[in-house]
Amino acid sequence: ISHVSGADYYIQLNEKVQSQLPTKYAGYSSKIALFSVNLEEYVEYLTFKRYDMVHALLSDAASRVIKAGADFLVLASNTAHMTIPTIKQQHPYFPILHIADCCAMKLKQS
């Protein structure tokens, strides 16, 4: 959601790609369309239970990432997942990597 977490995720994703693929010249990097929202605005909407505005803010961000050419969407925030139904309504066939699915897969592996 914020620039701080966004930068951290960007670094972690690229480091993971670098570690998994052989390097011939400069190494591989992820093709990432990153959009972060104004954290102050987002938290204000949550604080005052303006979930309609949270949905509008995050679905707009998702639409921008999709228009940028993303192959799938990641919402790297537990709270942001409340917007998934709205995003799926607007983009019914666009894949979304859901944190709960990732957690469930990890638990099944253990």
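Student: Which element gives the largest share of the lining of the largest pocket?

Tutor: In this predicted model, α1 (3–20), α3 (51–67), β1 (73–74) and α5 (99–109) each supply at least two residues of that lining. The largest share amounts to 7 residues, and the element that provides it is α1.

Student: How many residues of the lining of the largest pocket are nonpolar?

Tutor: The largest pocket holds about 1,000 Å³ of space, and 37 residues line it. Nearest its centre lie Leu-13, Ile-32, Leu-34, Val-74 and Leu-75. By class, 10 lining residues are polar and 2 are charged, while the nonpolar residues number 25.

Student: Is Ile-11 buried, partly exposed or exposed?

Tutor: Ile-11 is placed in helix α1. Together with Tyr-9, Tyr-10, Leu-13, Ile-32 and Leu-34, Ile-11 makes a nonpolar surface patch of about 550 Å². Buried means under 20% relative accessible area and exposed means over 50%. The relative accessible area of Ile-11 is 44%, so this residue is classed as partly exposed.

Student: In what order do the elements of the protein chain run from the N terminus on?

Tutor: The protein chain has 5 helices and 2 strands. Read from the N terminus on, these elements follow the order α-α-α-β-α-β-α.

Student: What percentage of the residues of the protein chain count as buried?

Tutor: Along its principal axes, the C-alpha trace of the protein chain spans about 50 × 30 × 25 Å. A residue counts as buried when its relative accessible area is under 20%. Of the 110 residues of the protein chain, the share that counts as buried is 24%.

Notes. Residues are numbered from 1 along each chain as its sequence is written. This is a predicted model: local features need pLDDT of at least 70, side-chain atom pairs count only at pLDDT 80 or more; totals for chains, interfaces and linings use all residues. Side-chain values use heavy atoms; hydrogens and water are left out. On a 1 Å grid over the protein atoms alone, a cavity is a set of points where a 1.4 Å probe fits but cannot get out, and a pocket is an open set with protein on both sides within 12 Å along at least five of seven lines; lining residues have an atom within 4 Å of a point. Grid points are joined across faces, edges and corners, and a volume is the space filled by probe spheres set on the points. Helices (H or I, at least four residues) and strands (E, at least two) are DSSP runs, numbered from the N terminus. Ala, Val, Leu, Ile, Met, Phe, Trp, Tyr, Cys and Pro count as nonpolar, Asp, Glu, Lys and Arg as charged, and the others, Gly among them, as polar. Patches are made of residues with over 30% relative accessible area and no salt bridge: like charges are joined within 9 Å, nonpolar side chains (Val, Leu, Ile, Met, Phe, Trp, Tyr) within 5 Å. Accessible areas come from the Shrake-Rupley method with a 1.4 Å probe; for residues, only the protein chains shown count as cover. A salt bridge is a side-chain nitrogen of Lys or Arg within 4 Å of a carboxyl oxygen of Asp or Glu. Buried means under 20% relative accessible area, exposed over 50%, partly exposed in between (1.4 Å probe, protein chains only).
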